[in-house]
Amino acid sequence: MSSHYEAPIRRPLIVGNKSYHDITVEVAAPVEGKANKLWWTVFTIALLAFLWGVGSIMYTIGTGIGVWGLNKTVGWAWDITNFVWWVGIGHAGTLISAVLLLFRQKWRMGINRSAEAMTIFSVVQAGLFPVIHMGRVWNAHFVLPIPNQFGTLWTNFNSPLLWDVFAISTYLSVSLVFWWTGLLPDFAMLRDRAVKPFQKKIYSLLSFGWTGRAKDWQRFEEVSLVLAGLATPLVLSVHTIVSFDFATSVIPGWHTTIFPPYFVAGAVFSGFAMVNTLLIIMRKVSNLEAYITKQHIELMNIVIMITGSIVGCAYITELFIAWYSGVEYEQYAFLNRATGPYWWAYLLMMSCNVFSPQFMWSKKLRQSITFSFIISIVVNIGMWFERFVIIVTSLHRDYLPSSWTMFSPTFVDIGIYVGTIGFFFVLFLLYARTFPVIAQAEVKSILKASGESYKLFRDAGGKNPAPAKIVKSVKPTKEIIKNTSEQKNVLLGSLGAFDKATQTADDLKLISGVGPKLEGILNNIGIYSFDQVSKMTDKEYDLLDSLLDSFKGRAKRDDWAGQAKNLKK
Amino acid sequence: MYTFSSKLKTFSFALMIVGLLGVAYGFLSTPSSVEDVKIMLQESHDAHEDTGVATTHDSDNHAEAHSDDTHAEHAYHYLKNKPWSALYVALFFFFMISLATLAFYAIQHASQAGWPVVLFRVMEAITGYLPVGAVLLFVFFVLSSLHMNHLFIWMDADVVSNDELIQNKAGYLNVPFFLLRAVIYIAGWILYRQYSRKLTLAQDNASDNKNYIKLFKSSAAFLVFFLVSESMMSWDWIMSLDPHWFSTLFGWYVFASMIVSAITTIALVSIYLKGKGYLEFVNNSHLHDLAKFMFGFSIFWTYLWFSQFMLIWYADIPEEVTYFVSRFNEYKIPFLGMVVLNFVFPLLVLMNSDFKRVNWFIVCTGIIILIGHYIDIFVMVMPATVGDQWFIGISEISSVMLVLGLFIYVVFTTLTKAPLLAKGNPFIKESEQFHY
């Protein structure tokens, strides 16, 4: 890999004064702590949506595809729209971990783990649709070329739908292996930190006996590189094959050669938007702002902007060539999109996909987290409509006017879609509480080159990366406790004072959300025991917030009092 | 500073002179009338009969005479076009190398790449050919629009009056608009090229990063312009040679061909200069990276080639498929051969990372890739302009020699104009220490 030297112009990828240990603790915190109320609420909602989806799927299979809104002309609508949408979202994960690895983008390290998890969970959602949209689900295994009792009955390898089977299943398996390989050192870290025997057992199983020897690391790097090299063409080919479902047809609006790269660009576009949505929330609730920095969000916005522009260029190309071709069916297909009964869907797709990413040219907007969050959702709405527009508007009016029709979804179509969203979040929420959501091993490898404190130290004239403690003298990044002894006294008054001489201090780090730094701050205030923390109410939270600079609202959000009560027992 | 070796200079002049003579010969040896073509065809026909290939044409004399006439007329037009097409393919090929080098260069600036800074001057030298090549192409288009040749048949009023399909496209395919568009693209590309060159030279002696920041911003702006202008350029300059045919992927497909040739050229020029001892700060990690790009973009080219071909072959819609029918029937060897040159060969040779550090491996593969992409452009252009009369002969080879000589002369002259290390770039130290 490239050397440790980094141009001073590059911004730090790990902010704050972090040591290797800080990284470990902060990455492990969400796994080692307990879920708070917010998590349970969201999880319940997701689970209900998922169960609703399961019900809809069972109803479809039990009753027949006729319960969907499809008709004789429009044989594909929400099912395939959702399929392509979920596959598309899945692409960003592989892109971040594989393509950005090939391009040696260090910023991928803060986000790749979650992006890959997102890939896997969304490919799982996508994988549902090819199966459940079959009229005879129980014959689904016929798509596999398995020797059977029907003599020479075999699959026809000319159909892109069969290529889909191979593409999606290969994609899921390779992504899973790639993801799991990267997880080994991190699971080993959790294993080594686990105190409770059950957790120890689980993480020992998951980490496959990783010991981190030099030879292991060397092979680990090689495997990552080879898998990245394989995953990159895979990612291109998977969405290409998905695009072939349409592009190989003779339907006006579907048959166009630009679909393969354009679908891939769209997939990257929507996938990055989804990563942005998830990570903006995750960095906040899991307290990972130091690793998923504003710069990460900004860079993802830039990727969204670039791929959005490529998609926009493809839209214009399609429009131009439709006119240029002189084929009236093709021309009508686009006229119908813009002015037909689904004009609103086309308008929505155009405004969400072509215009919204262009805001990212403004530095101010792309650095704004709120704005990025909104745009990332807008993009995914737009990309859903893109697939919907391509599929439905091309089908509902094509060659024979006598077969023109309309499409409207039923509650079952919608229920299944909602169900996949629920399922996705069920998986993702479980992941966020049980997996190391940041590839700590990788992040540690860039700490000395791209960590803020080390960069500051070098800028101040230090030649070699210095241990974190010395750095403090270069720029004090220590939390400043405001000199408001009055507030401190009020706070301690209601929590009860702690006498160091007679009592033993508790390990406050066991409270989820409290790291070593925060523990030190609490100790400075005079809070040492779970007993004190458990007495906190809204009033004390507010007082505490007024004493803190950068951890505002966290105590209440993470329900420290509740956690401390449990820990006290 | 680089000094243009007199040997190379002589070589480039020799190429130009020999090329010019060959091109002139090509123009002089075109048949002057349909009658000449008939005689020519008769001769080759007789030669065929002598060898006893096909002898069943006594049965329907009348029909045969008729088809012979139209055949001869077609062949006459094709043969008249042949030296022009040969020159056009060569001009476009070297122009596209410099244009895509410019795009690659802009991408490196916009992405704040740390490794290629030591290669920037090489890239700038290759883009030095851009203004020359673009102006030559423009002159070529003006000559075409003055009916000096019949490459763009939609420029011919007689053809258009009998062709409703082209008439419907006249809003886009008409001479003034075509030339205006060409002026806009060329002006945009040259503008960025000259501006970025000015900024990097200024950055060499600057004490702050002002020029660098300007360069960063203008590169991003250029890339947006390039994304649009390159697609349109490919429709105008190549796709319109077959005015009945259309493909939405075409612009990006041409781009893939351009970029891989450009990166290959950067690698070849760098290896040459390093061999002469001028680029002591370029190490084999830099070459490794270039070779990886050659490898990656070769596969990317194949991806787009296959996507375009397969989708049209699969759906088999008559108005589109004729494009590949004529290429498959009359250009089988170049059409399929280029896939071997552009895909199979680089795939097998450049897969190994050790090989990507061995100069002669890169050079050999590079030359193959360049030949392969010349053939790619050849197969895009020729079936529309010379049809079944194609042949890689004196016209084609000497056109390449002529433009190659000019290319070498311009590129290496540009190299002498500035120090070979862009030393003011904020990433220069990263690049110098780059090790993979």
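On a 1 Å grid over the protein atoms alone, a cavity is defined as a set of points where a 1.4 Å probe fits but cannot get out, and its lining residues are those with an atom within 4 Å of a point. The structure examined here is a predicted model, in which local features need pLDDT of at least 70 and side-chain atom pairs count only at pLDDT 80 or more, whereas totals for chains, interfaces and linings use all residues. Residues are numbered from 1 along each chain as its sequence is written, chains are lettered from A and ligands numbered from 1 in the order in which they are written, and side-chain values use heavy atoms, with hydrogens and water left out.

A search of the whole structure identifies five cavities of 30 Å³ or more, a volume being the space filled by probe spheres set on the grid points, which are joined across faces, edges and corners. The largest cavity has a volume of about 80 Å³, and its lining consists of Tyr253(B), Trp305(B), Gln308(B), Phe309(B), Tyr323(B), Phe324(B), Arg327(B), Phe335(B), Met338(B), Asp376(B), Val379(B) and Met380(B). Two or more of these residues come from each of helix H11 (284-315), helix H12 (318-330), helix H13 (332-349) and helix H14 (359-385) of chain B, where helices are DSSP runs (H or I, at least four residues) numbered from the N terminus. By class, the lining comprises nine nonpolar, one polar and two charged residues, with Ala, Val, Leu, Ile, Met, Phe, Trp, Tyr, Cys and Pro counted as nonpolar, Asp, Glu, Lys and Arg as charged, and the others, Gly among them, as polar.

The second largest cavity holds about 60 Å³ of space, and the residues that line this cavity include His109(B), Phe120(B), Arg121(B), Tyr212(B) and Asn425(B). At least two lining residues are supplied by each of helix H4 (120-127), helix H8 (175-204) and helix H9 (210-237) of chain B, and H8(B) gives the most, with three residues. The lining of the second largest cavity divides into four nonpolar, five polar and two charged residues.

Between the two chains, 49 residues of chain B are in contact (heavy atoms within 4.5 Å) with 43 residues of chain A. The area buried between chain B and chain A is about 3800 Å², of which carbon and sulfur atoms give 71%; buried area is the accessible area (1.4 Å probe) that two parts lose on being put together, summed over both. Thr248(B), Trp252(B) and Leu311(B) supply 19% of the area that chain B buries against chain A, more than any other three residues.

Polar contacts, pairs of N or O atoms within 3.5 Å of which, within protein, one must be able to donate a hydrogen and the other to accept it, with residues adjacent in sequence counted only if both atoms are side-chain atoms, link 14 residue pairs across the interface of chain B and chain A, both residues being at pLDDT 80 or more. On the side of chain B that touches chain A, H11(B) gives the most, with 13 residues, and this side divides into 29 nonpolar, 13 polar and seven charged residues.

Over all chains, 22 salt bridges are found (a side-chain nitrogen of Lys or Arg within 4 Å of a carboxyl oxygen of Asp or Glu), and two salt bridges lie across the interface of chain B and chain A. In one salt bridge, the side chains of Arg104(A) and Asp289(B) meet at 2.4 Å, N to O. Arg104(A) lies in the loop between helix H3 (78-102) and helix H4 (108-132) of chain A, and Asp289(B) in helix H11 of chain B, so the pair joins two chains.

Notes. 1 Å grid on protein atoms, 1.4 Å probe; cavity = no way out; pocket = protein on both sides within 12 Å on 5 of 7 lines; lining within 4 Å.
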